[in-house]
Each structure stands twice: as C-alpha cells, then as structure tokens.
Amino acid sequence: MTDDSPDDPGHERFVRRTHELAREAIENGDRPFGTLLERGGEVLAEDVNTVLTDGDIAAHPELKLARWAARELDADALAETTMYTSTEPCPMCATALYNAGLRRVVYSTSAADLAAVADPGLVLPASDVFARADDEVAVIGPVLAEEGRTIHESYW
C-alpha cells in the first residue's frame with residue numbers, strides 16, 4: 001500500500017503510466033495530460049486529454065474519470081480509489097474529483113510548473129480548491145516531477 005508521501009516509490013508505477021498516457025494524447029493531436037484511477041494496486045480506468053480532437057473544453061482526463069467513478073463506483077470503492085494524473089488537476093477537475101467522492105489524488109507536474117512552461121492563464125493548486133471542502137482530500141505530489149515537466153516542455 002502506498003502512503004501519502006510523494007517519495008513513496010509505490011506511486012511511481014502509476015505516475016509513469018500517466019506519463020505514457022500524456023504522450024499518447026500528444027500523438028493523438030491533443031494536449032499532454034493523462035490520468036488513471038487505481039484501487040488495490042489495479043488500474044480501474046484510464047483516459048487522455050481530448051480537448052482538441054473532441055472540440056470539447058471539458059474533455060480533461062481527470063474530469064472524464066471523475067464522472068466515470070461517480071457513475072460506476074459505490075462509496076466504499078470511491079474511498080479506496082486514488083486518482084493518478086500527469087499534472088495537478090485544474091480547478092474544474094479538482095471540483096469534479098471532490099464531487100465524485102474521490103479523496104486522494106497523486107500528480108506529477110505541479111500547477112506552478114505547468115504555468116512556468118505553458119502559461120495556461122488560471123493557475124490554482126488543487127490543494128487550494130480542496131481547502132474549502134468539507135471533507136479532506138489528500139493531494140500528493142509532485143511525483144517524478146522532472147519527467148512530467150519534460151513532457152510539457154516537449155509540447156508547449
């Protein structure tokens with residue numbers, strides 16, 4: 001079982017997979033973001049950014065998987081599920097993650113690092129969004145930050 005430290009080597013396997021998904025998004029003509037849901041060491045679902053190819057500003061993988069989790073998982077399963085993502089969730093995705101019932105997210109590239117590379121405009125760390133929530137959400141990261149930042153630097 002992984003812990004809430006970004007230095008826990010248990011996180012690296014899943015974060016590396018999100019990096020692969022981010023690269024896949026680039027290959028598909030989209031922005032470099034990839035996300036998966038993990039429970040008990042198994043990947044439940046994964047997705048990539050499809051904002052450009054779908055022409056949908058909300059097609060962030062974190063949002064798509066939060067919606068999937070809310071539909072497919074019961075409260076007990078949600079409590080045991082971790083979202084791993086290549087980049088710290090934006091405010092929209094963080095809110096969806098919270099509303100879905102997910103209470104743990106592990107990211108690679110921080111919002112601040114993304115802003116330094118891509119200048120996305122609105123930058124707000126996920127922990128700032130969750131600070132206003134009634135229930136605590138564990139935000140763990142950055143994990144493999146240099147690897148994640150390299151993916152963004154190759155894109156932006």
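**Core, helix pair and sheet**

Let's start with the largest nonpolar core, which has 17 residues; Leu37, Ala69, Met83, Leu97, Leu102 and Phe130 touch the most other members. A nonpolar core here is a set of buried Ala, Val, Leu, Ile, Met, Phe, Trp, Tyr and Cys residues joined through side-chain atoms within 4.5 Å. Buried means under 20% relative accessible area with a 1.4 Å probe, protein chains only. Helices α3, α4 (75-79), α5 and α7 (126-130) each give two or more residues to this core. Another core, of nine residues, lies apart from it and includes Val15 and Ile140.

A word on the source. This is a predicted model: local features need pLDDT of at least 70, side-chain atom pairs count only at pLDDT 80 or more, and totals for chains, interfaces and linings use all residues. Residues are numbered from 1 along each chain as its sequence is written, and side-chain values use heavy atoms, leaving out hydrogens and water.

Take Leu102. Beyond its neighbours within four places in sequence, its contacts (heavy atoms within 4.5 Å) include Leu37, Ala69, Met83 and Leu97.

Next, the sheet. It is open, with five strands in the order β2-β1-β3-β4-β5 and mixed pairing. Strands are DSSP runs of E, at least two residues, and helices are runs of H or I, at least four, numbered from the N terminus. Pairing takes at least two DSSP bridges between two strands. β2 (42-48) and β5 (138-140) stand at the edges with a single partner strand each, so one side of each has no neighbour in the sheet.

Which residue in β4 is the bridge partner of Met83? Val105. β3 (residues 82-87) and β4 (residues 104-109) pair in the parallel sense over four bridges.

How values were computed:
Buried means under 20% relative accessible area, exposed over 50%, partly exposed in between (1.4 Å probe, protein chains only).
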